[in-house]
Amino acid sequence: MCKKQSLLSYYLDMWKRGLDFKGLSSIRAYRSALLLHTLVILLLAAISWFYPEGKVAVNTLAAYGILSLIPFLALSVRRFHDAGKSGWGAILVFLGVGIL
């Protein structure tokens with residue numbers, strides 16, 4: 001039987017394997033990392049909303065967004081691999097081409 005991991009461990013795994021575009025990631029790992037990633041973005045956005053005069057929160061939100069692009073893209077590619085699809089599909093969706 002597989003040992004269950006916590007949401008935080010999946011999120012941290014996204015960062016640890018941030019440049020790993022090979023291999024697989026389960027749907028649970030993807031959804032857990034996506035949930036915590038979204039919560040971090042919403043928290044930073046709320047802080048920047050309530051403190052509009054301070055640029056620190058806005059800069060932190062922008063820096064987090066930029067720094068998390070590659071690890072989240074790598075997680076998406078691994079999720080595509082786990083679903084039996086090409087990882088290029090994740091990149092096309094990320095670029096907006098896959099929506100058309």
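Visitor: Buried means under 20% relative accessible area, exposed means over 50%, and partly exposed is anything in between (1.4 Å probe, protein chains only). Is D82 buried, exposed or partly exposed?

Guide: D82 is partly exposed, because its relative accessible area is 35%. Before we go on, please keep in mind that this is a predicted model, in which local features need pLDDT of at least 70 and side-chain atom pairs count only at pLDDT 80 or more, while totals for chains, interfaces and linings use all residues. Residues are numbered from 1 along each chain as its sequence is written, and side-chain values use heavy atoms, with hydrogens and water left out.

Visitor: Which side chain does D82 meet in a salt bridge?

Guide: D82 meets R79, with N to O at 2.5 Å; a salt bridge here is a side-chain nitrogen of Lys or Arg within 4 Å of a carboxyl oxygen of Asp or Glu. As a general point, side chains of opposite charge can pair when their charged atoms come close.

Visitor: And where do R79 and D82 lie?

Guide: Both lie in helix α4, 3 residues apart, which is about one turn of the helix. Helices (H or I, at least four residues) and strands (E, at least two) are DSSP runs, numbered from the N terminus.

Visitor: Is R79 buried or exposed?

Guide: R79 counts as buried, because its relative accessible area is 17%.

Visitor: What else does the R79 side chain reach?

Guide: The R79 side chain reaches the backbone oxygen of S25 at 3.3 Å. If we ask about contact in general (heavy atoms within 4.5 Å), then R79 touches S25, S26, I27 and Y30, leaving out residues up to four places away in sequence.

Visitor: Back to salt bridges: how many are there?

Guide: The rule gives 3 salt bridges. Besides the one between R79 and D82, there is D13 with R17 at 3.9 Å, N to O, and R17 with D20, whose closest N and O atoms are 2.9 Å apart.

Visitor: Which residues are linked in a network of salt bridges?

Guide: The network links D13, R17 and D20. D13 is partly exposed at 27% relative accessibility, R17 is partly exposed at 22%, and D20 is partly exposed at 26%.

Visitor: New topic, rings. How many aromatic pairs are there?

Guide: Rings of Phe, Tyr and Trp (its six-membered ring) pair if their centres lie within 6.5 Å, and planes under 30 degrees apart count as stacked, over 60 as edge-to-face and the rest as tilted. By this rule there are 3 aromatic pairs. One of them joins W15 and Y64, and this pair is tilted, with 6.0 Å from centre to centre and 50 degrees between the planes.

Visitor: Which parts of the chain does that pair link?

Guide: It links distant parts, with W15 in helix α1 (residues 7-16) and Y64 in helix α3 (residues 55-67), 49 residues apart. W15 is partly exposed at 31% relative accessibility, whereas Y64 is buried at 12%. Another pair is Y30 and F72, whose ring centres are 5.8 Å apart with planes at 40 degrees, so this pair is tilted. Y30 lies in helix α2 (residues 27-50) and F72 in helix α4 (residues 69-82), so the pair ties together parts 42 residues apart in sequence.

Visitor: Which residues do ring pairs link into a cluster?

Guide: The cluster is made of Y11, W15 and Y64.

Visitor: Last one: which residues form a nonpolar patch on the surface?

Guide: The patch consists of L19, F21, L69, I70, L92, F94, L95 and V97, with about 770 Å² of accessible area together. Patches are made of residues with over 30% relative accessible area and no salt bridge, where like charges are joined within 9 Å and nonpolar side chains (Val, Leu, Ile, Met, Phe, Trp, Tyr) within 5 Å. Accessible areas come from the Shrake-Rupley method with a 1.4 Å probe, and for residues only the protein chains shown count as cover.

Visitor: Which element gives the largest share of the patch?

Guide: Helix α5 gives the largest share, 3 residues. Within helix α5, L92 is partly exposed at 40% relative accessible area, whereas L95 counts as exposed at 59%.

Methods:
A polar contact is a pair of N or O atoms within 3.5 Å; within protein, one must be able to donate a hydrogen and the other to accept it, and residues adjacent in sequence count only if both atoms are side-chain atoms.
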